[in-house]
Structures are given as structure tokens and as C-alpha cells.
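Good morning. I will take one structure and go through it piece by piece. Please keep the picture open while I talk.

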Amino acid sequence: MKDSMLDKLQKFGLNLYEAKAYASLLKIGTANAYKISKESGVPRARIYDVLESVTKLGLAMVEESSENVKIYTPVPSKIFLERIKKEWESDYEEVKSNLQDLEAEERKQEIYVFTVKGKENITAYCRQLLKEADKYVLISMWSQMYELLLPELEECKSRGCSVLGIGHDIDDPMEGIERHFNSKIHNMPENMHWFILSADGRKLLYGYSADIDKDAFYTEDVSHIYLMEDYILHDMVVNRLIEDKEDGDKMVSMMREIAGRINRSNQ
């Protein structure tokens with residue numbers, strides 16, 4: 001009997017002995033307590049209490065034989081799992097509603113910006129924003145982050161949501177994402193890449209790329225969102241101008257001059 005299966009059964013509300021008894025009963029079919037104890041490894045001193053509990057949980061049926069011996073028959077796993085599924089879905093919807101009500105109350109009190117820490121959390125937030133996006137998504141990100149979110153970006157686009165923005169070091173970006181011209185001006189110190197993800201102008205996540213495993217920041221503040229989206233749109237305009245060789249060389253030269261002044265002023 002696999003320990004992993006027993007662990008998962010315990011997540012459904014059974015204790016270890018109950019999980020072992022039910023799994024063994026499914027395996028051997030109708031049986032008495034002695035046989036179930038032997039198969040499951042549940043101590044004989046505990047088996048009757050455990051089987052009584054399993055019966056009350058609706059996982060087994062019991063009847064007495066002509067020799068006054070209790071015989072146990074398992075409830076089919078399909079019936080058990082369907083019941084668990086319905087109970088879980090009901091609890092999920094109730095908890096979801098309660099938590100969303102709490103979030104709504106929090107949002108009434110203040111507009112906030114909070115820190116999202118860790119690669120898994122940052123990635124999960126990004127995917128949730130893409131899942132919730134209805135009208136458009138505006139992004140600026142590097143290849144590692146783009147590849148990580150590509151399935152969700154494609155799914156978002158397939159729903160009719162516009163996906164626009166700037167991609168850094170991305171060889172073949174999807175339609176709507178413009179490949180940024182190569183420039184050291186856009187490299188952060190220590191080559192730590194960033195990302196910006198805005199969904200419908202309502203929710204924004206920005207900060208270090210998830211692969212760097214540093215902080216990102218989430219907000220629904222209108223000012224933050226406007227400034228970040230405006231930055232991406234301006235970057236797209238500049239990028240298109242630079243595609244023109246003559247004007248592009250001049251613009252890159254100007255950008256390098258300005259960047260040089262900023263660097264000198266910080267020394």
C-alpha cells in the first residue's frame with residue numbers, strides 16, 4: 001500500500017488507521033475485522049474502533065453473520081470520491097465567497113501596494129492577473145519571464161484579450177509584443193532584469209523577474225498603473241523610432257548622453 005495514497009486520504013479527513021482500513025477493505029472486499037487488521041496493519045486492539053469509525057464516515061457497511069461475527073463491506077471508491085468532491089466544492093465556494101468579502105472590505109479602507117516575495121508567488125500572481133484579464137494586457141519583460149508566462153499569454157490572447165508590450169532579448173515574440181532594440185542602457189546593475197505586467201489598467205505587478213527570486217510589487221493604485229503603462233507605451237514609441245536608422249542613431253546617441261550624465265551625477 002503506497003504511503004503517498006494514505007497521505008492523500010488523510011487530507012480527505014481520515015486518520016492514518018482509517019485510511020489503512022478503508023484501503024485494505026477495498027482491496028480484499030467483504031471481510032471480518034481479523035482479516036482487515038492483518039491486511040492493513042492496524043493493531044487488533046484498535047481494529048474494531050477503527051472499523052466503527054470508518055462505518056460512521058460512510059465508507060463501509062456492516063452486518064452480522066450467523067455466527068454473530070461482524071462482516072464489513074466497503075463503499076465503492078467512486079461513490080466515496082464523488083461525495084468528497086461535492087463536499088470539497090461546496091466548502092471551496094463558501095470559503096471563496098467569504099474571503100472575497102473580506103478582501104472587498106479591505107479595499108474600501110485603503111489603496112495599497114504590497115510586496116510579493118519568492119519565485120513561486122510572483123509567478124502565481126502573474127498567472128492570476130493573466131487569467132483575470134478581460135480587455136488587454138500590457139507587458140515589459142525579459143526572455144526568462146516571457147517564456148515562463150508564454151502559455152498564459154497565449155491563452156489570454158485566444159480569449160480575445162489584447163496582448164501588447166515590449167520584450168527584451170526575446171527572439172520571436174508573439175504578435176503584439178515588440179522586440180526591444182539592444183542597448184546597455186536598459187540593463188540594470190548586476191544584470192538584474194525586471195518585468196511589468198498590467199491587466200486591464202486595474203491590477204499591476206512589477207519588479208524583479210521571477211527567475212532572479214527577488215521581490216516584486218502588486219498594486220491596484222491608479223497612479224502606479226498609469227505611470228507604468230505610460231512608461232511601456234513611451235518605450236514602444238521610442239523603439240519604433242529607433243527602427244529608422246538615421247533617427248535611431250541620433251536617438252540612441254542622445255539616450256547614451258543622458259544616461260552618462262545620470263551616471264556621473266551618482267558618482
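Predicted model: local features only at pLDDT ≥ 70, side-chain atom pairs only at ≥ 80, totals over all residues.

The chain is built from 9 helices and 10 strands. It has 267 residues, and 35% of them count as buried. As for contacts in the chain with a separation of 6 or more, 57% of them are accounted for by residues 24 or more positions apart.

Now the aromatic rings. A pair of rings is described by two things, the distance of the centres and the angle of the planes. This structure holds 8 aromatic pairs. One of them is Phe-12 with Phe-80, which is edge-to-face, with 6.3 Å from centre to centre and 70° between the planes. Where in the chain do Phe-12 and Phe-80 lie? Phe-12 is in the loop between helix H1 (3-11) and helix H2 (16-28), while Phe-80 is in helix H5, residues 77-109. They are 68 residues apart, so this pair links distant parts of the chain. Are the two partners buried or exposed? Phe-12 is partly exposed, at a relative accessible area of 39%, whereas Phe-80 is buried, at 3%. Phe-12 and Phe-80 also belong to a cluster linked by ring pairs, together with Tyr-22.

Next, helix H3, residues 33-40. Which residues of H3 are buried? They are Ala-33, Ile-36, Ser-37 and Ser-40. These residues cover an arc of only 100° around the axis, so they sit on the same side of H3. Their cover includes H2, strand E1 (31-32), helix H4 (44-56) and strand E3 (70-74). Look also at the two ends of H3. At its start, a side-chain oxygen of Asn-32 comes to within 3.3 Å of the backbone nitrogen of Tyr-34. After H3 comes Gly-41, which has a positive phi, near 85°.

E1 and E3 bring us to the strands. In general, strands of a sheet pair through backbone hydrogen bonds, and the pairing can be parallel or antiparallel. Here, 3 strands form an open sheet in the order E1-E3-E2, with antiparallel pairing. What does standing at the edge mean for E1 and E2? E1 and strand E2 (60-64) each have a single partner strand, so one side of each is left without a neighbour in the sheet. E2 and E3 pair over 5 bridges. To find one place where they meet, look for Val-62, whose bridge partner in E3 is Tyr-72.

Strand E4, residues 113-116, is joined to E10 by 4 bridges, and the two run antiparallel. In that pairing, Val-116 stands opposite Ala-216 of E10. E9 is also joined to E10 by 4 bridges, again running antiparallel. Which residue of E10 is the bridge partner of Tyr-206? That partner is Phe-217. The two are worth a second look. Tyr-206 counts as buried, at 15% relative accessibility, and Phe-217 counts as partly exposed, at 29%. The cut-off matters here: Tyr-206 is called buried because its value is under 20%.

Last, two buried residues with polar side-chain contacts. His-180 lies in the loop between strand E7 (177-179) and strand E8 (194-199). His-180 is buried, with a relative accessible area of 2%. What does its side chain touch? The side chain of His-180 makes a polar contact with the side chain of Asp-235, at 3.1 Å.

The second residue is Ser-198, found in strand E8. Ser-198 is buried too, with a relative accessible area of 1%. Its side chain makes a polar contact with the side chain of Glu-229, at 2.5 Å. Leaving aside neighbours within four places in sequence, the residues in contact with Ser-198 include Tyr-136, Val-137, Leu-138, Lys-203, Leu-204 and Ile-225, as well as Glu-229.

Note on methods: Residues numbered from 1 in each chain as written. Heavy atoms only, no water. Buried < 20%, exposed > 50% of the residue type's maximum accessible area, 1.4 Å probe, protein only. Contact = heavy atoms within 4.5 Å. Phe/Tyr/Trp six-rings, centres within 6.5 Å; stacked < 30°, edge-to-face > 60°. Arc of directions from axis to C-beta. Polar contact = N/O pair within 3.5 Å; in protein donor to acceptor, adjacent residues only side chain to side chain. Pairing = 2+ DSSP bridges.
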